[in-house]
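User: I would like to learn how to read a disulfide and the strands around it. Can you take me through one example?

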Amino acid sequence: QVHLVESGGGLVQPGGSLRLSCTATGSIRTIGDMSWHRQVPGIPRELVATITSSGTADYNDDVRGRFTISRDNAENTIHLQMNNLKSEDTDRYYCNGFITNTINHVTDFWGPGTEVTVSS
């Protein structure tokens, strides 16, 4: 079994910062590309940022320059540093990863999400 668990969400004022983390646990052999997505009910899930296994990052134009994705391969963890937050960043944020388990099955895993609310 492999699990992804997000943490770090919360309530922050406009202009503030939050740092999200996502850790993969379980029977992991390797972790490939990972990403952050966000979604509000009734709207399709939106890709926020991606990072390859070698650390190459890419961003949604709405967050480029404000958000930074990083990964710690030794800890099977990725982070999303979110600065200068805006009310429109309010969403549930989900972690996704392509993980190869110890019997060499590659699966696309999702975490349960963490809530981010930007409000004064």
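Analyst: We start with the disulfide and then turn to the strand pairing. Keep in mind that this is a predicted model.

User: What is a disulfide in general, and how many does the structure hold?

Analyst: A disulfide is a covalent bond linking the sulfur atoms of two cysteines. The structure holds one. It joins C22 to C95, with an S to S distance of 2.1 Å.

User: Which parts of the chain does the pair tie together?

Analyst: C22 lies in strand β3 (residues 18–26) and C95 in strand β9 (residues 91–101), so the bond ties together parts that are 73 residues apart in sequence.

User: Why is the disulfide of C22 and C95 assigned its handedness?

Analyst: The torsion about the S-S bond is about -75 degrees, so this disulfide is left-handed.

User: Are C22 and C95 buried or exposed?

Analyst: Both are buried. Strand β9 is mostly covered, with nine of its 11 residues buried.

User: Which strands does β9 pair with?

Analyst: In a regular strand, side chains alternate between the two faces of the sheet. Here, β9 pairs with strand β4 (residues 28–39) in the antiparallel sense over nine bridges, and C95 is the bridge partner of W36.

User: What lies between β9 and β10 in their hairpin?

Analyst: Four residues separate the two strands, and N104 takes a positive phi near 65 degrees in this hairpin.

How values were computed: Residues numbered from 1 in each chain as written. Predicted model: local features only at pLDDT ≥ 70, side-chain atom pairs only at ≥ 80, totals over all residues. Heavy atoms only, no water. Disulfide = S-S within 2.5 Å. Buried < 20%, exposed > 50% of the residue type's maximum accessible area, 1.4 Å probe, protein only. Pairing = 2+ DSSP bridges.
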